[in-house]
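Let's take a walk through this model together. Have the sequence and the 3D view at hand as you read.

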Amino acid sequence: MKTKRTQSTKKRPQMSLIEYLHKRVSIPNPHGGTLYIYLCNITHISIDDKKLYIHSLTDEPIYINILISKLYDTFPEPFFDNCHEAHIVNVNHVLGHTPGDGGILKVKDRCEFGYIEIPVSRNNKDSTKTAIDADTLNIAKIKDAYEKKTFAVKTKVQNKKNNKQ
């Protein structure tokens, strides 16, 4: 039986890009000791059979025994998003979004395909899309703006020609 995850009212930490690139996370090693992973190398966090795994670009998935809701509150905005009750993604490692019921994210991974598909819940669809698009250079919008500007200039030139005649 799945329990519904409630969004935390706790304010998540904010972090600049420079801090994000240099910040390390200490994770208790299940074999003893502590592992240190750069925050920017974490691609996603997932729950599988009640076990929480941290996936990174540099290491095998690391198992830790903690609730995902407790972990989510420690990861900084705007870099991490809770796209599903069983997944937290690093939006900088999202390669694509396929629309659907909630949608599916393609996230970089160390598997043989180079990415893993992660579901997006219907409830988190809008916030996830906003988080992904926040720091994304949207080529379609730039193209539309360029075409509008070009059209406006052409219209202005055409109007000047028509007024001179």
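Here is a short tour of a helix, a sheet and some ring contacts.

Before we set off, keep in mind that this is a predicted model, where local features need pLDDT of at least 70, side-chain atom pairs count only at pLDDT 80 or more, and totals for chains, interfaces and linings use all residues. Residues are numbered from 1 along each chain as its sequence is written, and side-chain values use heavy atoms, with hydrogens and water left out.

Start with helix α3, which covers residues 125–134. Helices (H or I, at least four residues) and strands (E, at least two) are DSSP runs, numbered from the N terminus. The buried residues of α3 are Thr128, Ala131 and Ile132. Buried means under 20% relative accessible area, exposed means over 50%, and partly exposed is in between (1.4 Å probe, protein chains only). Why do the buried residues line one face of the helix? Looking down the axis of α3, you'd see them fall within an arc of 95 degrees, so they share that face; the arc is that of the directions from the helix axis to the C-beta atoms. As a rule, an α-helix has 3.6 residues a turn, so residues three or four places apart point the same way. Turned away from the buried side of α3 is a face with the exposed residues Asp126, Thr130 and Ala134.

Now for the rings. The structure has 1 aromatic pair; rings of Phe, Tyr and Trp (its six-membered ring) pair if their centres lie within 6.5 Å, with planes under 30 degrees apart counted as stacked, over 60 as edge-to-face and the rest as tilted. Tyr53 and Tyr63 have ring centres 6.0 Å apart and planes at 55 degrees, so this pair is tilted. Tyr53 sits in strand β4 (residues 51–56) and Tyr63 in strand β5 (residues 62–64), 10 residues apart.
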